[in-house]
Structures are given as C-alpha cells and as structure tokens.
Amino acid sequence: MSLLFSYPDYEEQAVLLAKEAGYELGAIDIHHFPDGETLLQLETDVKNRDVILFCSLNQPDSKAMTIMFFARTAKELGAKSVGLITPYLGYMRQDKRFHEGEAITSNIFAAFLSQHFDSLITVDPHLHRHKEMKEIYTIPAQVIHAADAIADWIKDNIDKPVLIGPDEESDQWVSDVAQRAGAAYTVLTKTRHGDKDVEVSVPDVDQYADHTPVLVDDIISTARTMIAAAGHLKDAGMKPPVCIGVHAVFAGDGYEALQKAGAGKIVTCNTILHPTNAIDLIRLLAEHLKEREG
Ligand code: R5P
C-alpha cells in the first residue's frame, strides 16, 4: 500500500484521496525557521515504501525547496519510489524564450522535478508549445483531464450555454468541454502586452444573444484575460458571463477585479483551494489512482 503525504493546507483532500484510492496516510512536519529556512521531518517510516507527495504547485517558488527536501529525505530513508501528485503544476507557461536572455522555466522546472521524483500526476497542465509532458519531463508524467467534470457542471447549472475560449490556447479545453456538454463554442484571440495588460478579440456572438456566455480557461491568474473577454460580451449586450477556470491561481487582486468586472458567477475546480471551487476533481484523481494500483 502506498504512503501518501500531504503538503500543508491540503490535508483534507489528501485524507479523501487516501480513503478513496486505498493509500495509507503519512505524517510530515514542516517547520519554517525565523530566517526563512525550512526543516522537514518525515514522521512515518518510509523504508521500502512507495511514497507519494500531494502538493499543488501554485506559488511554486515557495514550495520548490521543501518538496525537494521531501523527495531527497524519503530516498535517503529507504523509500522504494517517490511520486508527486500535483493537481496544479506551475511553471508551464514560459515554454519559450519570448525575449533574448530569458529562462525557459517550463523546461528547467520539469528537469528539477524529474531529477527528484520518480513519477508525476497532474490535472490539465498548460501544454501549449509543448504538446506532451514527455517533451520536457523525463519521468512518467500523467495528465488527468477536467473536461468531463466541467461539462457535467455546465449541463447541471447553465441554461442554453455558449462557451467562449478567451485565447487560441484555450481551444483545446473549450472545444472538448463544449462537445461533452453539447454546447456551441467560439474561441477568441489574445495579445498580452504585460502582466495585467491583455487584449482579446471582439467575439462574434450575435447568433447567441439569448444564450448564457460561459468563459472557459485553464488558468485564471490576474484574471485580466477573463475581464477583457467579459468586457466585450457586455458590449455585445450579452448576459454577465459565467467564468470557469480549471486552476484558481488568482494572483494579486485578480479575484476581486473579476467580481467587480461583472462576472455572473466564478467557478473553478479544486486543484488549488479557493472560495470559487465548485467542481470536485479529487474523486476523479482517486479513481485514476485506484485503476493504476489495479
Ligand atoms: C495562458 O494563456 C492561460 O491559458 C490563461 O489564459 C492565462 O494564464 C490567464 O492569465 P490571466 O488570468 O493573468 O490573464
């Protein structure tokens, strides 16, 4: 039976995952010293065990050292394998050197995780220029998709939806969700001029005037992408859009700004804990793990 450890704050999800997937829960103590350094202690014996760390990698810089300490220590103490379940995998968006001298952090972070962990499972990573995880991960890296769960939520909650993807990358998620929900969809184009300076094309939605617009994206971070798209929908005279994101990154004032911008309802999956979590993916993850364990 695998031993599942949880990064702080995600214990409730880990308990559910362990119960559903048939894992034993391990105990870990993470202490941050006043100087910012971290002491980590595995309180459950890992010798000869398959060990898994459950840790969503939003705010990855603050977690990277700790998860590396975890993996190294588990191996030193005799763990057979050390896997990572990370419902949100950070550092996937900088998949190209956009400007001279920039680091391609998606590749560097993938190399870092591949060096310390033996396997990885995540939910809808931002695969754009990299089409598959194996292009940058050298360990088995499996992807779980949220499309079915999102489509079910839309079917149960939205009358006459029309799905709108705010940029070209979102096409892969939006088209999939739309097909599963039996809904129409359209995809816009986006130009990002800066962190909070985003321009999206004007949607052609005249034929959907009596529909409920549903914006679907993988990540909501500053929310400026959703806000720009929502602005166009308002100008087009549509109802306030339902905004659905797989990953509730919500950096800075993103959440409040999206609320103020007139979003009808803001809904996310629980890959990152946030008040907008309304679509559960932990059971989906558990089912996948159960199947994998055979
Ligand atoms: C990247 O293109 C992603 O798919 C999202 O569209 C993007 O991360 C959203 O970022 P923000 O909320 O900061 O506009």
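**View 1. H130 and its polar partners.** The H130 side chain makes a polar contact with the side chain of N107 at 3.0 Å. A polar contact is a pair of N or O atoms within 3.5 Å; within protein, one must be able to donate a hydrogen and the other to accept it, and residues adjacent in sequence count only if both atoms are side-chain atoms. The side chain of S106 also makes a polar contact with the H130 side chain, at 3.2 Å. This is a predicted model: local features need pLDDT of at least 70, side-chain atom pairs count only at pLDDT 80 or more, and totals for chains, interfaces and linings use all residues. Residues are numbered from 1 along each chain as its sequence is written, and side-chain values use heavy atoms, without hydrogens and water.

**View 2. The setting of H130.** H130 sits in the loop between β7 (119-123) and β8 (141-144); strands are DSSP runs (E, at least two residues), numbered from the N terminus. H130 is buried, at 11% relative accessible area (buried: under 20%, 1.4 Å probe, protein chains only). Beyond four places in sequence, H130 contacts D95, S106, N107, E135 and I136 (contact: heavy atoms within 4.5 Å).

**View 3. The largest nonpolar core.** This core has 43 residues (buried Ala, Val, Leu, Ile, Met, Phe, Trp, Tyr and Cys, joined through side-chain atoms within 4.5 Å). I154 and I244 have the most contacts inside it. Among the residues that I244 touches are W153, V214, M226 and I279.

**View 4. A second core.** A separate core of 34 residues includes V51, F70, L84 and L113.

Methods
Buried means under 20% relative accessible area, exposed over 50%, partly exposed in between (1.4 Å probe, protein chains only). Helices (H or I, at least four residues) and strands (E, at least two) are DSSP runs, numbered from the N terminus.
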